[in-house]
Amino acid sequence: MALVLDTWKAARSMFKGLGVTIREFFSPPVTVQYPDQQPRISPLFRGHPVLLSDEAGKLKCTACMACARACPVGAISIESARGEDRKMYPKAWNLNMGRCLQCNLCVEACPFAALGMGTRFETAVDSPDGLIYDLETLAELGRTQPYSRIMVGQKLTPAEAAQGSGADAAQPGGEKGAEVS
Amino acid sequence: MSIVSSLNALVGSLPGFWSPLVSALIKVLLVLAFVFGNEIMLIWLERKVCGRFQRRKGPMYVGRPEGWLQSIPDVVKLLAKEDIIPARADRWLFVLAPMVIMVPAVALFVVIPFGRGWVPRDLNIGILYLVALGSFTILSLFMAGWGSGNKWSTLGAMRAVAMLLGYEVPLALSLVGVAMVAGSLSLVDIVHAQERAWFVLLQPIGFLVFLVAAAAELNRTPFDLAEAEQELVAGYQVEYSGMRWAMFFVAEYASLMAISAIAATCFFGGWLGPFASGPWWFLAKLYFFIFLFMWVRWTFPRIRIDHMMELGWKFLLPVALLNIVLTGIGLAIWG
């Protein structure tokens with residue numbers, strides 16, 4: 001009798017397993033054919049830092065060196081200059097991507113909210129020189145691509161988190177990602 | 001049908017001993033073409049089915065749509081690989097094993113009726129022939145495992161042989177029930193006996209025993225103890241590379257087809273269908289069983305060797321015997 005019961009239980013669990021797999025079989029695949037299709041990148045994706053501009057398209061950065069000091073690997077090098085309006089601005093702002101840890105510390109250190117973590121992820125290059133990103137490149141990325149500014153200990157509301165994992169906001173070249181800060 | 005009969009007439013008009021020779025040759029070529037033609041698609045199908053079960057897409061790029069030509073670059077790659085025979089290997093056994101394994105896998109199709117009158121050779125001992133040849137596969141697995149001179153290979157071969165005893169007996173006994181109801185061992189007679197009801201309805205217990213034992217005979221997950229990648233690397237295939245390895249791979253799919261064909265013939269009425277009976281029904285059932293075995297493969301994890309033996313000896317064998325007793329009683333009452 002116990003044998004019959006065990007057999008019945010085993011058979012039932014087997015059919016349950018088969019049911020799970022056949023459900024997956026008829027669900028649409030989650031594969032993204034990467035080079036042909038672009039993956040959807042969350043706006044909360046933490047890439048490398050990018051330079052942000054104000055509405056007028058002018059860089060917010062004042063070359064105060066806070067990010068360069070905060071950087072644990074010395075990936076940021078800044079050359080400052082004084083403009084005609086007596087304000088400081090970065091003459092050069094280089095990011096050594098070969099060193100950058102994408103740790104977000106520069107974004108946290110920036111007192112002017114002039115840095116964000118970009119969503120660019122295709123960082124492969126064919127020579128080490130290509131790993132040095134200059135001011136123009138980073139400023140352009142900050143203008144065109146979604147970015148995030150999230151501080152340590154910051155709690156995202158479910159809505160903000162959902163926006164982060166959302167669909168079209170993060171398409172490359174699409175509209176600017178929400179600044180979550 | 002008309003093609004077959006005109007071909008028969010043509011071959012029959014040949015003089016003397018040429019007639020049986022040519023007819024045998026044509027049948028062999030047709031069976032080989034059927035087996036290998038389907039095989040190329042099966043290897044692709046397995047990867048697609050496996051992918052879909054894991055919500056992937058499988059091969060997509062070689063041959064649009066859906067990468068259906070993927071097997072061809074696979075074969076080219078395997079042909080280009082270095083052929084290695086280990087120094088410690090028993091040369092003869094090592095070289096012969098991949099050739100021997102192809103024989104039973106293809107020879108099983110001799111008695112399979114593809115349609116009415118479409119049978120390479122209607123042996124009156126059909127089921128006996130199937131069971132005898134089916135267990136023959138183990139010989140080459142053992143040759144490969146022992147001949148490689150590698151401990152993992154030997155372990156795999158030992159498992160294969162130990163398993164054989166566990167599943168081959170219930171497999172044979174489950175087919176005995178079919179033969180009892182049909183009153184014949186010939187597969188053509190068995191199909192004709194299913195005109196009123198498929199044997200899956202008359203022999204449900206026998207069918208389930210057959211399915212489990214057949215999955216074990218195929219050496220596929222959950223019964224792939226003989227190759228067990230995670231424990232034995234690849235079991236009896238460890239030392240094989242390139243085309244020699246591909247022979248094992250091809251034979252595995254040929255047996256998958258053969259076993260599915262046996263299941264379709266013995267339990268699902270072969271070429272018979274609810275309407276328009278013909279070879280297409282056989283093909284549809286064949287692919288139904290192939291899909292079923294793939295479904296099982298990508299659902300269950302491998303079972304342990306002692307559990308396997310327990311399943312074979314303590315469960316499948318008594319149940320198969322019980323099925324024979326019940327069939328006998330049923331035949332005595334209604335037969």
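This is a predicted model: local features need pLDDT of at least 70, side-chain atom pairs count only at pLDDT 80 or more; totals for chains, interfaces and linings use all residues.
Good morning, everyone. I begin with the confidence scores. The model scores ipTM 0.72 and pTM 0.78. For chain B the mean pLDDT is 85, with 99% of its residues at 70 or more.

Let me turn to chain B. Its secondary structure consists of 14 helices and zero strands. The radius of gyration of chain B is 21 Å, close to the 20 Å that the globule rule gives for 335 residues, so chain B is as compact as a globular protein of that length. Its C-alpha trace spans about 60 × 50 × 45 Å along the principal axes. Of the 335 residues in chain B, 42% are buried. If we take the contacts in chain B with a separation of 6 or more, 75% of them are between residues 24 or more positions apart.

Chain A has five helices and six strands. Read from the N terminus, the order of its elements is α-β-α-β-β-α-β-β-α-β-α. Buried residues account for 22% of the 181 residues in chain A. Among the contacts in chain A between residues at least 6 apart in sequence, 76% join residues at least 24 apart.

How are the strands of chain A arranged in the open sheet? Three strands form this sheet in the order E2-E3-E5, and their pairing is antiparallel. In general, strands of a sheet pair through backbone hydrogen bonds, in either a parallel or an antiparallel manner. Strand E2 (76-82) and strand E5 (132-133) of chain A are at the edges; each has a single partner strand, so one side of each is left without a neighbour in the sheet. Between E2(A) and strand E3 (residues 88-96) of chain A, the antiparallel pairing extends over seven bridges. Within chain A, Glu79(A) stands opposite Ala92(A), a residue of E3(A).

Finally, the contact between the chains. Which residues does it draw on, and how many from each chain? Chain B contributes ten residues and chain A contributes eleven residues. On the side of chain B that touches chain A, five residues are nonpolar, one is polar and four are charged.

To close, the picture is of a chain B with 14 helices and zero strands, in contact with a chain A that has five helices and six strands. Thank you.

Technical notes. Residues are numbered from 1 along each chain as its sequence is written. Chains are lettered from A and ligands numbered from 1 in the order in which they are written. Two residues are in contact if their C-beta atoms, placed from the backbone, lie within 7 Å. Ala, Val, Leu, Ile, Met, Phe, Trp, Tyr, Cys and Pro count as nonpolar, Asp, Glu, Lys and Arg as charged, and the others, Gly among them, as polar. Helices (H or I, at least four residues) and strands (E, at least two) are DSSP runs, numbered from the N terminus. The radius of gyration is taken over C-alpha atoms; the globule rule is 2.2 Å times the number of residues to the power 0.38. A residue is buried if 20 or more other C-beta atoms lie within 10 Å of its own, exposed if 12 or fewer, and partly exposed in between; C-beta atoms are placed from the backbone. pLDDT is the predictor's confidence in each residue, from 0 to 100. Two strands pair if DSSP finds at least two bridges between them.
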